[in-house]
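Dear colleague,

I am passing on the structure we spoke about, and my notes on it follow below. Please read them with the model open beside you.

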Amino acid sequence: MAAVKTDNRLTSSQSFLCVGFAGIFSKTLTSPLEVVKVKSQVGTFHCKKGFWQSFLLIYQNEGLRAFWKGNLVSCLRLFPYTAVHITAYKQIVHLHMDEAGFISQWRAIFAGGLAGVTAALTTYPLEVAETRLIVQNCREPTYIGIVHTISKMYRNEGLFSLYRGFSLTVLGAFPFSVGCYAVYMNLDQLWQEPQFRFTPLQNLVNGCVAAGVAQTLSYPFETVKRKMQAQSSRLPHFGGVDVHFNGMINCFVQIVKNKGVFSLWNGLTANTVKIVPYFCLLFTCFEMCKQVFLYRNGYIISPLSYKPAPGVDQSLGPNELEEVKRYLKNRNFGSEETSLRKCW
């Protein structure tokens, strides 16, 4: 579903850094929309009057920096999440490949969903900390920083509090994968051409559409998850949650009973508005980082241009290209040495 694709001309560490920096850049610039979305899901008073009023109320009550609450932990979470996701995805795909090394679209999406669940389990305490930091009033904070948030939750609420709502990540992975599958199975009809001919712009649009459909289908699970992460009897106003509940099923029941079924999609406007700029920024930053590394690896003539370096085989991997350069350098050195001997 991602708008960025791996490039064989980059090393694994370079690809990881490109994805990481692109994620940090896009997350930071779209953080205000994420804050409004999470507060809407939890049901704090800031979001009772609609999408646009939420920004005004947050600014009036907490100031401008409130729109970047939880962004640091979100960015830090990105690196271990990406590392685990990539590793798990490769292992799962390898298990599902046939003898010819082929894997179906559905199996690839399933592998992505399972890898996502694995990565989420590994980094889930950081996601819970992010929710708590976003929901609290930064002018009267209960938590100060990532370490303080996690340690205080562990002392006061126990280890289970750091994984509260994780089962909803697993349940939400199914409609999310179905949404991705439904979109990608119809891309050929949408663009009237096979997928291997898609341009970068088409891949960007595909990523946005798939994200919109998949996130909309799985959104109720995320709403309940955010409420479960935020709710605590030890916090003022029970963490700002607009309904009180005991457990996952009871949370669904109380939301529908007291707020209506459509409140399960509270914050969807902010989430949908965020998709396009997030993916555009992610794609742009990734491509810029990739150009720097391609130039460093010797594939292009400049970090500001995709013009290939003359005489360089673009199908070679970075290690293979380095070996070829070393071989040519040694051969040229040997030729020069032979010529000098003849002169003497």
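In which helix does Ser31 lie? Ser31 belongs to helix H2, which covers residues 31-42. Please keep in mind throughout that this is a predicted model.

Is Ser31 buried or exposed? Its relative accessibility is 4%, and because the cut-off for buried is under 20%, Ser31 counts as buried. A polar atom of the Ser31 side chain lies 2.8 Å from the backbone oxygen of Phe67, and, leaving aside residues up to four places away in sequence, Ser31 touches Phe67, Trp68 and Asn71.

A pair of aromatic rings is described by the distance of the centres and the angle of the planes. Why is the pair of Tyr124 and Phe166 described as edge-to-face? The ring centres of Tyr124 and Phe166 are 5.4 Å apart and their planes stand at 80 degrees, and because planes over 60 degrees apart count as edge-to-face, the pair falls in that class. Tyr124 sits in helix H5 (residues 105-135) and Phe166 in helix H7 (residues 166-184), so this pair ties together parts that are 42 residues apart in sequence. Both Tyr124 and Phe166 are buried.

Another aromatic pair is formed by Phe221 and Phe252, which is edge-to-face as well, with 6.1 Å from centre to centre and 75 degrees between the planes. Here the link between distant parts of the chain runs from Phe221 in helix H9 (residues 200-230) to Phe252 in helix H10 (residues 248-259), the two being 31 residues apart.

Finally, I looked at the open space in the model. Rolling a probe the size of a water molecule over the atoms shows where empty space is left. The second largest pocket holds about 390 Å³ of space, and of the 20 residues that line this pocket, the closest to its centre are Val135, Gln136, Asn137, Pro236 and His237. Which classes of residue make up that lining? The lining of the second largest pocket has 9 polar, 7 nonpolar and 4 charged residues.

Note on methods
Residues numbered from 1 in each chain as written. Predicted model: local features only at pLDDT ≥ 70, side-chain atom pairs only at ≥ 80, totals over all residues. Heavy atoms only, no water. 1 Å grid on protein atoms, 1.4 Å probe; cavity = no way out; pocket = protein on both sides within 12 Å on 5 of 7 lines; lining within 4 Å. Points joined across faces, edges and corners; volume = space filled by probe spheres on them. Nonpolar A, V, L, I, M, F, W, Y, C, P; charged D, E, K, R; others polar. Helix = DSSP H or I, 4+ residues; strand = E, 2+ residues; numbered from the N terminus. Buried < 20%, exposed > 50% of the residue type's maximum accessible area, 1.4 Å probe, protein only. Polar contact = N/O pair within 3.5 Å; in protein donor to acceptor, adjacent residues only side chain to side chain. Contact = heavy atoms within 4.5 Å. Phe/Tyr/Trp six-rings, centres within 6.5 Å; stacked < 30°, edge-to-face > 60°.
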